[in-house]
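Student: Could we go through this structure together, with the general idea of each feature before the particular case?

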Amino acid sequence: MILIKNGRVVDPVTGTDQVMDVLLDGARIAKVGEGLADPAKRVIDASGLVVAPGLMDAHVHFRDPGFTYKEDIETGARAAAKGGFTTVVCMANTKPAVDNVETLKYVQKKGEAAGIHVLQAAAVSRELKGKELTDMEALADAGAPGFTDDGIPLMDECLLLEAMEKAKELGLPLSLHEEDPLLIAAPGVHQGEVSEKLSYGGAPRASEDVMVARDCMLALHTGARVCIQHISSGNSVELVRMAKAMGADLHAEATPHHFTLTDRAVLEYGTNARMNPPVRTEEDRQAIIKGLQDGTIDLIVTDHAPHSAEEKARPLAEAPSGITGLETSLGLGLLSLVEPGHLTLLQLMGLMSRNPAEFYRMIPGSITEDAPADLVIFSETERWRVERFASKASNSPFLGWELPGRVCYTICAGKVVYEA
């Protein structure tokens with residue numbers, strides 16, 4: 001048993017925000033209240049700290065199988081635990097892709113020993129080629145929580161329509177990467193003043209906007225549960241807002257880099273600020289924050305995308321896109337959203353724990369009796385320096401930054417899986 005004493009319990013499911021004790025008995029929460037007795041083998045003094053449901057990241061790349069020199073399930077899980085996450089959903093663009101039951105079960109088996117809950121989404125199309133649907137029913141029966149070809153847009157509207165109809169039939173969500181490659185001169189950098197200064201073609205907002213407009217209407221038409229992944233354009237935020245108002249079962253993700261940085265970051269951080277879709281202008285950043293405030297964007301995810309130092313050392317046009325994000329996500333949420341007053345801590349926890357679980361039709365974590373003992377304990381204000389990663393990768397523009405939100409403990413199924 002573990003007794004957590006005097007912590008500020010912040011639970012977005014119950015709306016709780018008060019100082020209480022939490023008693024864990026094995027993998028469940030036994031009691032929550034004030035002045036609990038001390039029968040526990042271990043007592044954690046959480047005075048001055050926040051105790052919240054374990055965070056859930058609905059969009060990570062653990063690169064396993066096929067690219068384990070970048071990351072693997074074990075190191076990815078360690079990075080997640082260090083960041084306060086007790087549940088993650090891995091994307092399907094591995095090698096081989098998770099387009100078959102055998103590969104899905106490989107990840108699930110490795111995930112069982114990872115210390116946190118590792119879920120694996122399945123691919124929409126075979127070999128991620130966008131030509132033929134996977135056996136979605138077999139993958140669903142094998143435990144896939146949803147479907148995505150993340151990293152590659154689905155260009156065939158008829159195939160996507162069929163996928164949405166099948167996903168709705170199965171009661172599972174579909175997540176979509178929204179970039180039209182025909183409109184992109186060069187990926188990873190917003191097409192604008194910065195790309196002009198670098199003589200780099202860039203990716204315009206339109207490359208995202210046209211795809212989002214199409215898929216909002218297809219989601220409305222089919223009734224499927226659809227997520228617009230890592231939204232970057234203010235126009236796209238408005239499109240999602242409109243489609244939601246029309247009745248679509250539509251959801252959207254924002255990443256910490258998209259609500260923290262602008263395209264000027266590429267001038268300072270080089271390839272570590274190259275990502276798909278790119279970080280854009282201050283106007284786009286503010287539109288994303290407004291979308292988070294009013295519920296248009298209902299998930300905060302990292303799009304954790306580890307790469308080797310050698311890969312990121314290549315010239316801008318040749319380096320891969322993406323950053324490692326699990327270990328800085330909470331801190332950036334506090335820095336960019338809570339400290340400026342855009343969101344309350346309770347709202348941030350909803351975006352990082354309750355909403356991702358509800359999107360995947362899971363019961364969200366809560367600090368209530370008999371709930372799973374999946375918790376994060378952190379200091380809301382204590383600053384820490386970003387310098388050493390539990391991930392294999394360190395491709396981050398936030399290296400050297402001082403962030404709030406130092407994670408002190410992450411507890412999954414009643415076991416301490418990270419302790420500062």
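Tutor: Two strands are said to pair if DSSP finds at least two bridges between them, and the elements themselves are DSSP runs numbered from the N terminus, with helices (H or I) of at least four residues and strands (E) of at least two. This is a predicted model, in which local features need pLDDT of at least 70 and side-chain atom pairs count only at pLDDT 80 or more, while totals for chains, interfaces and linings use all residues. Residues are numbered from 1 along each chain as its sequence is written, and side-chain values use heavy atoms, with hydrogens and water left out.

Student: Which residue stands opposite Cys-227 in E12?

Tutor: Cys-227 faces His-251 there, within a parallel pairing in which 3 bridges join strand E11 (residues 226–228) to strand E12 (residues 250–254). Both strands belong to an open sheet of 5 strands, ordered E9-E10-E11-E12-E13 with parallel pairing. Its edge strands, each pairing on one side only, are E9 (147–148) and E13 (299–300).

Student: Which helix lies across E9, E10 and E11?

Tutor: For an angle of this kind, axes are lines fitted to C-alpha atoms, for helices over the stretch in contact (heavy atoms within 4.5 Å), and the angles run from 0 to 180 degrees between N-to-C directions. Here the helix is H4 (residues 157–170), which runs at about 145° to strand E10 (174–176).

Student: Why is strand E1 described as largely enclosed by the rest of the structure?

Tutor: Burial is read from relative accessible area: buried means under 20%, exposed over 50%, and partly exposed in between, with a 1.4 Å probe and protein chains only. In E1 (residues 2–11), 8 of the 10 residues are buried, so the strand is largely enclosed by the rest of the structure.

Student: With which strands does E1 pair, and in what sense?

Tutor: E1 pairs in the antiparallel sense with E2 (residues 16–25) over 8 bridges, where Val-9 has Gln-18 as its bridge partner. The hairpin of E1 and E2 has 4 residues between the strands, and Gly-15 takes a positive phi near 80°. In the parallel sense, E1 pairs with E4 (residues 42–45) over 4 bridges, with Leu-3 opposite Val-43, and with E5 (residues 50–53) over 2 bridges, where Arg-8 is partnered by Val-50.

Student: Is Ala-122 buried or exposed?

Tutor: Ala-122 is buried, with a relative accessible area of 0%, although this residue lies in the loop between strand E8 (117–120) and helix H3 (136–141). Not counting residues up to four places away in sequence, Ala-122 touches several residues, among them Ala-92, Val-98, Leu-139 and Phe-147.
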